[in-house]
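Keep the sequence and the 3D view open while reading.

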Amino acid sequence: MLPAIGRLAKTDDPWEPYQLLAPDGAIVRPVAEYFKDVQASGSPATTLRSYGLDLLRWMRFLWAWGIEWNHAGRTDARDFARWMQLADKPVRPHWRHEHAPTTVADTHAGSRAGTTAPGTPNPVTGKPTPGLTYAATTRAHAETVLRTFYDFHRDQGSGPVLNPFPLDRSRRSSRPNEHHNPMDEWRNERTGRYRPKVVKRIPRRIPDDHFNSVFAQLRSDRDRALLAFWVSTGARAEELISVHQGGAEPGQQLITVVRKGTRESQPLPASSDAFVWLRIYQEQMHGLAPRGRNQPLWFTLRRPFRPLTYDAARAMFTRANTSLGSNWSLHDLRHTAAYRLARDPDMPLTDVQWILGHRQLTTTQTYLTPAPDEVIDRLLAHHARQTKKAADRPQPSPPAPGYDSRSLDVLFRRDTP
């Protein structure tokens, strides 16, 4: 267990949205300079937060051993990669629990006893639950962030000459996908020596019957409107939550969102049911929440009425999951919409790419992969057809009287007992 020293603080300064603070409360200046470079490349504040959590974990590892960040060597980076493979993930104590557990193991053994074991598939959805240790995707993301962090300071002359997180030996003299043929797929190569192998995951959709069960568990018309928009537009959860009232156009059946990557506005068609639920929700909030084209579209349901946040929407969806014993996520609604669109024979795949905001068509083609439940149903239907054919196949008539059945077996090469 690493000591929980230092923290990543959120600020109200748009020039410096996040600050990494040392145990004494001072700003870690090397990380602040790196954040400026990341922000200059057009990355949003959420990216800074994601990078900051990886850097905080690395800094805590160095602080525990008394190592300066610019004196860290490849042995330290190697030990950090090994530690992430074996160590349990820390769990932040909930403010409602006075003596909350501090590890994932304690959490599952205590307040969440009786639920699915960590790292095992959920009996309803088939999705694995979070494991006790860091996932390979988390370790791969951390390796990339730390390698680019030291590359930045090496180029600036403020860090070590040798990057503690080096490139893979086979990739030192070239770059990934060098001389790429546009007709070929992009290769996902390991670029870092300590970067783990990440299995390419197939997106999981919510089957229609399960989606109806989740929809029935919702407690308010606002939540029903949100789910209807998510599953019909394919927008990301945070993109839809940040919509303003002027972005919803029922007459055109469009809702305008700001894309996560490009930060550009894009109108998305939505189902008529989604606008019906939205209208019912707006009538319920009439006179309670501010009105105006530049006002948020979604508000909390309790006083004081505040703009809805992603964490509040996720908590709403978690409550619906808990009642069903499932572990669907808000992002699975986007996968569900993508599967429905990609499987429509009258919907070109390039149109689906535009709706989802994918840069590469190969990313959209992922949703052409059949879901496991569909494959199982088709295979069971195949076995049923084969059984029916065997039952309907005419049986050979018995031989006429006077013929020796053994001679007929030899003649027609039939197996004899």
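The points below go from the whole chain to helix contacts, the sheet and single residues.

This is a predicted model. The chain holds 15 helices and five strands. Of its 417 residues, 36% are buried. Among contacts between residues at least 6 apart in sequence, 58% join residues at least 24 apart.

**Helix α2 and its partners**

- Helix α2 spans residues 45-65, and helix α3 spans residues 74-86. Their axes come within 11 Å and cross at roughly 115 degrees.
- α2 and α3 are therefore roughly perpendicular to each other. Their crossing is right-handed.
- From α2, the contact uses Arg-57, Trp-58 and Phe-61. From α3, it uses Asp-76, Ala-77, Asp-79, Phe-80, Trp-83 and Met-84.
- By class, the residues of the contact of α2 with α3 are six nonpolar, no polar and three charged.
- α2 also meets helix α5, residues 136-156. Here the axes come within 9 Å and cross at roughly 80 degrees.
- That angle makes α2 roughly perpendicular to α5.
- α2 brings Ser-50, Tyr-51, Asp-54, Leu-55, Arg-57, Trp-58, Met-59 and Leu-62 to the contact with α5. α5 brings Thr-138, His-141, Ala-142, Val-145, Leu-146, Phe-149 and Tyr-150.
- The contact of α2 with α5 divides into ten nonpolar, three polar and two charged residues.
- Arg-57 and Trp-58 take part in the contact with α3 and also in the contact with α5.

**Helices α6 and α7**

- Helix α6 covers residues 208-216, and helix α7 covers residues 221-233. The axes come within 10 Å and cross at roughly 155 degrees.
- Angles over 145 degrees count as roughly antiparallel. α6 and α7 are therefore roughly antiparallel to each other.
- α6 passes α7 in a right-handed crossing.
- Phe-211, Val-214 and Phe-215 of α6 meet Arg-224, Leu-227 and Val-231 of α7.
- This contact of α6 with α7 has five nonpolar, no polar and one charged residues.

**The sheet of β3, β4 and β5**

- Three strands form an open sheet in the order β3-β4-β5, with antiparallel pairing.
- Strands of a sheet pair through backbone hydrogen bonds.
- β3 (248-249) and β5 (265-269) are the edge strands, and each pairs on one side only.
- β4 spans residues 254-258, and two bridges join β3 to β4. Ala-248 stands opposite Ile-255 in β4.
- Five bridges join β4 to β5. Thr-256 stands opposite Pro-267 in β5.
- In a regular strand, side chains alternate between the two faces of the sheet.
- β4 has a covered face with Ile-255 and Val-257. Its uncovered face has Leu-254, Thr-256 and Val-258.

**The hairpin turns**

- Most residues other than glycine have a negative phi.
- β3 and β4 form a hairpin with four residues between them. Gln-253 sits in the loop between β3 and β4.
- Phi of Gln-253 is positive, near 60 degrees. Gln-253 is partly exposed, with a relative accessible area of 34%.
- The hairpin of β4 and β5 has six residues between the strands. Arg-263 lies in the loop between β4 and β5.
- Arg-263 has a positive phi of about 60 degrees although it is not a glycine. Arg-263 is exposed, with a relative accessible area of 51%.

**Other loop residues**

- Which peptide bond is cis, with omega near -10 degrees? The bond is the one from Arg-303 to Pro-304.
- Most peptide bonds are trans.
- Pro-304 lies in the loop between α9 (272-284) and α10 (310-324).
- Gly-357 is placed in the loop between α12 (349-356) and α13 (361-364). Gly-357 is partly exposed, with a relative accessible area of 38%.
- Gly-357 and Lys-260 are 97 residues apart along the chain. Their C-alpha atoms are separated by 9.1 Å.

Technical notes. Residues numbered from 1 in each chain as written. Predicted model: local features only at pLDDT ≥ 70, side-chain atom pairs only at ≥ 80, totals over all residues. Heavy atoms only, no water. Axes fitted to C-alpha atoms, helices over the stretch in contact; angles between N-to-C directions. Parallel < 35°, antiparallel > 145°, perpendicular 65-115°, else oblique. Left-handed = near helix turned anticlockwise from the far one by under 90°. Contact = heavy atoms within 4.5 Å. Nonpolar A, V, L, I, M, F, W, Y, C, P; charged D, E, K, R; others polar. Pairing = 2+ DSSP bridges. Buried < 20%, exposed > 50% of the residue type's maximum accessible area, 1.4 Å probe, protein only.
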